[in-house]
Amino acid sequence: MCDKFKSSMMREFDMSDLGRMKYFLGIEVIQNEAGIFICQRRYAREILKRFGMENSNSVKNPIVPETRLSKYETGDEVDATMFKQAVGSLMYLTATRPDLMYGVSLISRFMGNPKSSHWLAAKRILRYIKGTLDFGILYKKDSKNAGLVSYTDNNYSGDWDDRKSTSSFVFIMGSGAISWISKKQHVVSLSTTEAEYIAAALCACHCVWLRRILEQLGAAERESSEIHCDNNSIIQLSKNSVFHGRCKHIGVRFHFLKDLVNDGIVKLKFCSSEEQIADIMTKPLKLEKFVKFRRMLGVINAAEV
């Protein structure tokens, strides 16, 4: 069928068969016996050169632990256009670099009026890229766990300006991450339970969408998709329809999670904070933990492929 399709296209258009994909829209694809490796090292080099960071000293993590940025910083103003260009360039790089997701999401909040501290945070991300140019995601060919597994986490009241929480989730198939997000919640949570519950509900909605895509691709999920979280309260809340003091104020739309659990589409599963991969996308981590979670996402050096 593929041969017939290519032949019909060649008769209609001036085109040729280039074989297996190696480079597409800035994404480099390496296919071998180990599996499929994707990265954006050429694009990353272009970003560094564009912002004059190609000769900078590299660092081992994109955000310093305990970093606190605010839109009310008193430092000098920087060129807003340049800052927006840097953020936009970094956003596209997160297509194959989930380890950059939190840092890029954080600095994107200050595009309206960037200050010198915000630009320094952006430059640190660029310096981290300088030291990890060849990093990307490896999807191993012989991976045993081919089902859809997700992790969701939340940094309660993490934004210092409006005290909104940061939600994150990551979906993994086989050995590597296939979908991830880090974003500030739209509402102010009144408890850690509410913040975690909202994050889990958003993850569950995305899970339904991914399950439908897999079904269209002929790889439908037969079992409930596991969502790992490190909060027992939301697991109990998803099973118990009784509204108590900690949850009666939660928006109705987030209780869609209960229906998915009752229907067996998703299954909430407890995991310890030491195994909560999504933690890398909610706050700055210490180097040892950051490297561990980066590896668990499937992000490795191209030299290891």
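Predicted model: local features only at pLDDT ≥ 70, side-chain atom pairs only at ≥ 80, totals over all residues.
Q: Which strand is joined to E8 by three bridges?
A: Two strands pair if at least two bridges are found between them. Strand E5 (residues 148-155) is joined to E8 by three bridges, and the two run parallel. Tyr 151 has His 228 of E8 as its bridge partner.

Q: How many bridges pair E8 with strand E9 (residues 266-270)?
A: Five bridges pair E8 with E9, again in the parallel sense. Here His 228 has Lys 269 of E9 as its bridge partner.

Q: How much space lies in the largest pocket?
A: Rolling a probe the size of a water molecule over the atoms shows where empty space is left. In this model, the largest pocket holds about 400 Å³ of space. It is lined by 20 residues, of which Thr 67, Asn 155, Trp 160, Lys 283 and Pro 284 are the closest to its centre. By class, this lining has nine nonpolar, four polar and seven charged residues.

Q: What is the volume of the second largest pocket, and which elements each supply at least two residues of its lining?
A: The volume of the second largest pocket is about 290 Å³. Among its 14 lining residues, Gly 174, Ser 175, Arg 295, Met 296 and Gly 298 are the closest to the centre. Strand E4 (135-140), E5 and helix H9 (287-296) each supply at least two lining residues. The lining divides into seven nonpolar, four polar and three charged residues.

Note on methods:
Residues numbered from 1 in each chain as written. Heavy atoms only, no water. Helix = DSSP H or I, 4+ residues; strand = E, 2+ residues; numbered from the N terminus. 1 Å grid on protein atoms, 1.4 Å probe; cavity = no way out; pocket = protein on both sides within 12 Å on 5 of 7 lines; lining within 4 Å. Points joined across faces, edges and corners; volume = space filled by probe spheres on them. Nonpolar A, V, L, I, M, F, W, Y, C, P; charged D, E, K, R; others polar.
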